[in-house]
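Below are some comments for a colleague who has not worked with this entry before.

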Amino acid sequence: MPWEYIKYNKKNNIAHIELDNSSKKNSFNIIMREELKEVINAISIDNDIKVLIFSSTSENFSSGADLSEFNTFPSIVKSNQIAKYKNLWIDLYQFEKPIISLTKGWAIGSGFELLMLSDFVFAHTSSKFLMPEVQWSLIPISGGTQTFVNKIKDLYVKEILLFSEEINADKALKIGLVNCIFEDYSELLNHVFKYAEKISSIDTSRLIKIKKLLNFSTEKNIYFGKRLEEIYSRSL
Amino acid sequence: MNKYNFFKIKKYKKSIVIAFSKNNMTADDIYYDLNLLVDDINFDDNIWAVAFDFSKGFKIHNACDDRFVYLSLTELVMNIRKPTLCAINGQIINRAFEFILPMDYRICTQNSTFSMNQILDVNIQFDGATQLLPRIIGLNKAKEMIMFGVDINSEEAVNFGLINTITSEYKIMNLMIEKLLKIVDFSPLATQYTKEAINFGNETPTVQGMKMENDLSSILLSSNDRIQAINSFKNKKSHKNFKGK
């Protein structure tokens with residue numbers, strides 16, 4: 001099926017989504033978000049697929065939400081309902097299979113937040129990260145205030161979200177935003193696909209359970225997570 | 001703002017810097033003033049960010065008045081809805097250490113040290129350290145500091161995520177003012193809601209937190225600041241003139 005703003009490929013148990021809106025620096029518009037939601041829901045029920053990769057077709061990963069669509073909503077109530085109950089980002093947080101993202105150039109706003117919804121992030125040395133929302137009287141709306149807290153230390157979360165500090169690839173690696181960085185892009189691509197193949201060789205049901213358990217560990221209710229761990233380990 | 005007994009307040013644009021009139025304060029001295037100040041900060045639309053100046057050192061002694069022994073100073077700091085920063089110099093121990101933990105941005109000098117040795121005095125922390133410190137520096141390091149009274153220097157503090165930046169004693173106040181002025185250039189509504197959502201995210205399941213983030217974002221939709229900022233963006237202009245409305 002042809003998509004307007006994404007490219008989708010499926011090969012050897014690996015799904016690959018490329019953000020493809022290069023005329024607008026890979027910003028997320030309404031259609032692109034709907035396309036992503038549809039593809040992700042299809043991938044989640046496709047038993048052949050064991051791992052999902054995100055990357056972009058252009059030199060930047062994504063410049064975030066398409067601000068030209070802002071202030072065009074017909075009703076605040078309607079817009080809140082759509083944001084809350086047709087939420088692509090919640091679908092991604094609850095996506096059961098492993099997600100690997102590969103980033104280069106800028107990852108801004110929702111683009112950055114998409115990386116934080118991924119399980120593994122591999123970055124090119126050209127990567128730069130920014131959450132500019134407070135500069136435009138916005139707050140993150142793709143889960144940033146919640147997912148950053150789960151991934152990196154509180155102090156860095158506030159540096160990035162409250163002070164809108166720009167982060168380069170080296171700092172991203174140091175504070176735990178990305179798993180590793182590569183100077184050579186083709187080497188990075190090669191590494192990501194090898195990594196995905198390695199993951200896809202593991203039994204899917206086991207992967208799904210482990211991912212769920214790890215995500216539970218950030219949900220604060222440690223006793224419930226511990227009990228679930230016990231139940232899951234008995235069922236393996 | 002001269003109604004406080006122990007605080008000296010200076011204004012910088014839309015922010016204030018709070019200095020203590022003496023370095024050795026008792027918890028009850030601070031509690032009286034801070035209780036008043038937090039309300040003033042939260043309800044004053046002209047204050048968009050707050051900084052605490054501990055550049056001359058900072059110690060808190062236990063309360064003289066028994067009624068104040070277990071009253072929480074950190075809870076008062078946590079109640080400040082606006083971004084909070086602090087500039088730290090020297091030895092920060094026990095309650096003074098607990099006091100800085102809820103702040104959003106911490107700068108210190110090279111010769112600052114941090115320790116919590118209540119356990120050596122056959123006591124335990126009671127002003128939030130056991131809950132806040134593990135969230136900030138991780139459980140293992142927090143246990144080392146709290147259970148064994150291990151102290152850390154400024155470099156370790158940066159490596160563990162306790163401190164954002166180290167600077168010299170001469171530059172610390174300039175750096176803090178620079179950070180303050182940076183944050184008051186942003187929309188105060190956006191910084192307050194972002195802070196609220198991050199802190200809420202520390203306490204709640206992620207999906208619930210994401211829905212709360214959406215609700216806060218929807219409240220911002222109707223603000224003048226947001227409408228004007230987006231219009232400026234569409235006209236390819238930067239927007240610095242936020243009003244907090």
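1. On the side of domain 1 of chain A that touches domain 2 of chain A, 4 residues are nonpolar, 1 is polar and 4 are charged. Note that this is a predicted model.

2. In chain A the domain assignment places domain 1 at 6-198 and domain 2 at 203-235. Their C-alpha centres are 24 Å apart. Domain 1 of chain A brings 9 residues to the contact, and domain 2 of chain A brings 8 residues.

3. About 830 Å² is buried between the two domains of chain A, with carbon and sulfur atoms giving 48% of that area. Of the area that domain 1 of chain A buries there, 55% comes from A:Lys50, A:Tyr93 and A:Glu96, more than from any other three residues.

4. For chain B the assignment gives domain 1 as 7-183 and domain 2 as 188-234. The C-alpha centres of these domains lie 26 Å apart. Here 9 residues of domain 1 of chain B contact 6 residues of domain 2 of chain B.

5. The buried area between the domains of chain B is about 710 Å². B:Trp48, B:Arg81 and B:Arg135 account for 56% of what domain 1 of chain B buries against domain 2 of chain B.

6. Across the interface of the chain B domains, 1 salt bridge is found. B:Lys195 and B:Asp104 form a salt bridge, with their closest N and O atoms 2.9 Å apart.

Terms used. Residues are numbered from 1 along each chain as its sequence is written. Chains are lettered from A and ligands numbered from 1 in the order in which they are written. This is a predicted model: local features need pLDDT of at least 70, side-chain atom pairs count only at pLDDT 80 or more; totals for chains, interfaces and linings use all residues. Side-chain values use heavy atoms; hydrogens and water are left out. Domain bounds come from an automatic or database domain assignment. Contact means heavy atoms within 4.5 Å. Buried area is the accessible area (1.4 Å probe) that two parts lose on being put together, summed over both. A salt bridge is a side-chain nitrogen of Lys or Arg within 4 Å of a carboxyl oxygen of Asp or Glu. Ala, Val, Leu, Ile, Met, Phe, Trp, Tyr, Cys and Pro count as nonpolar, Asp, Glu, Lys and Arg as charged, and the others, Gly among them, as polar.
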